[in-house]
Amino acid sequence: MLRVSVTHRLGSFTLDAAFDSENGLTALFGRSGAGKTSLINAIAGLYRPDRGRIVVDGTVLTDTSAGIFVPAHRRRVGYVFQEGRLFPHLNVRQNLLYGSWFAPREAGGNPFDRIVELLGIGGLLARRPANLSGGEKQRVAIGRALLSQPHLLVMDEPLASLDEGRRGEIFPYIERLRDETRVPIVYVSHSIAEVARLATTLVVLSEGRVAAVGPTAQVMARLDLFPLTGRAEAGAILATRVAAHDRAFGLTVLKVAAGELRVPHLDLPVGAALRVRIRARDVMIALEAPAGLSALNVLPGTVAEIVAGEGPIVQMRLDCAGEALIARLTRRSVETLGLVPGKRVHAVIKSIAFDHHAFAGAVPGAASADAEIAEG
Amino acid sequence: MGLIGLTPEELTAIRLSLRVATAAMLGSLPVGLMAAMLLARGRFWGRSLLNVVVHLPLVMPPVVTGYLLLILFGRHGVLGEFLADRLGVVFAFRWTGAALASAVMGLPLMVRSMRLSIDSVDRRLEDAAATLGAGRVWVWLTVTLPLILPGIVAGMILSFARALGEFGATITFVSNIPGETQTLPTAIYTFLQVPGGEVGALRLTAVAVAISIAALLASEAVTQRASRRAAGL
């Protein structure tokens, strides 16, 4: 359990943000300059906020009204920085062990081997940071933070400095971290794709304030947040399960609440859970179940909400058997089709939604998927 | 005539010079490092004053520095009397005085070199160390110090070299006593004051050149090694 409330002035910028979150991975999402890094720096104790209260699992780290400010080195908040910040004068093993010099000896054996194995960095131990690739550096940085036995792990855009391929290399490790260790994670990102894939709880920050907090799928389905999440990238998340593989056509069938989705083959076992992010711009609306259409994916649903945006475009939220789907259409289409809340429609998901922003390399075949596929 | 044609007096001057320079270098190391840290990181009243005091010997005529040292640390100087009576430390007309004069003259160079390297330390690495549980002292010992080591070494070499060449402040403060305060430069000067002394002056000049080249080569090697280490290569 993490409770954060921080007010701090930095020149003309004011950070005034508060959120609570359960364990798991909490994503702080927002544009650059929204105050994401300032917020986690306050959590890590890298500065003393003007006013604020930060509590991790019942331990008060900052409480300005009570005059409490635990210094950074006694907080047990592991920090994975955007640029890694490995110590250049130490080799990988020494970097990894740096935090354990100061962490209390805890029962349960040495986690070193387990974490080295988890992150796949066993072959790098004797190397110097200068001789590591970007992806390797970030994995070592994550391992170094974990080995300081943190009570909370904060990660500041750990993938931002990496190219697509290297990102795909790190993703599975962060997911394993989220699922296999008990350490809660606060993850800063300005990439909706990362958030969709990783976050349990989503906090949307805008100009220093919290615009929304909640379970990821719920927050991402909110139409009023579109200006913040970015129109082009906006989309909803569907929880799916691999139902079958259609070998003859090289397709995988995913089961969602409202029906089935067919996507290019995914190398996952039947029954595996997947998050699928379907972008609003890839969804078309039909009044009747379409026939004679090349699109493979049609889900029945009900219009739940229509929000007019700027100019001719409107955003629409559909309720597909309890799950939200977001569509982006012209105002003219809405009028022609007579779309109003409560109307029953069919959502057609375009098959050309091939996405290189998808998590290349993470799920084999995901790069050519129908929509963005996120394992998890 | 002893080793490679050097007279015992000349050998004494060489040995003394090396001893004075080494003492000056080692003695000013803690002072210089502390001053460099304060100037680079400190935010306190009187910081510019400290900066001026440290750099003064660089801009004042060495004779002035030497005379000020004489006033302060002479046998009847303000501090000299106190140090002699209470601690038994005497600088006036001793080799220790020559070392003190050299240390003061070399301090600005040492501090400058160290300060530059402290300024170039990525302080975000220190933040990273703090999040890993290191308190301020440990951060300094395990991150800052290794990263500024090249600057420290370079500063020490500069101080040593300056001490070897120091003339004005030394001769003003502790005079030119053979075997006690007569270093290489003052010995050369003395040779040049007497008829027929040119040969001796030339021999000592050759020695001075040799020592300087050796010191520069050593500094180059050490700095390079330390830099490579700090850069993680």
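Both faces of strand β8 of chain A are covered in this predicted model: L152(A), V154(A) and D156(A) on one side, and L153(A) and M155(A) on the other, are all buried (20 or more other C-beta atoms, placed from the backbone, lie within 10 Å of the residue's own). In a regular strand the side chains alternate between the two faces of the sheet.

On one flank, β7 (residues 77-80) runs parallel to β8(A), joined by 4 bridges, with V77(A) opposite L152(A). Strand β9 (residues 185-189) is likewise parallel to β8(A) and linked through 4 bridges, and here L153(A) faces I185(A). Pairing requires at least two bridges found by DSSP between two strands. Together with helix α5 (residues 164-180), β8(A) and β9(A) form a right-handed β-α-β unit, meaning that the path from the first strand over the helix to the second runs clockwise when the strands point away from the viewer.

Elsewhere in chain A, an open, antiparallel sheet of 5 strands has the order β16-β20-β17-β18-β19. Because β16 (283-286) and β19 (323-330) each have a single partner strand, one side of each is left without a neighbour in the sheet. Antiparallel pairing of β16(A) with β20 (residues 344-349) extends over 4 bridges, and M284(A) has V348(A) as its bridge partner.

Residues are numbered from 1 along each chain as its sequence is written, and chains are lettered from A and ligands numbered from 1 in the order in which they are written. As the model is predicted, local features need pLDDT of at least 70 and side-chain atom pairs count only at pLDDT 80 or more, while totals for chains, interfaces and linings use all residues.

Terms used: Helices (H or I, at least four residues) and strands (E, at least two) are DSSP runs, numbered from the N terminus. A residue is buried if 20 or more other C-beta atoms lie within 10 Å of its own, exposed if 12 or fewer, and partly exposed in between; C-beta atoms are placed from the backbone.
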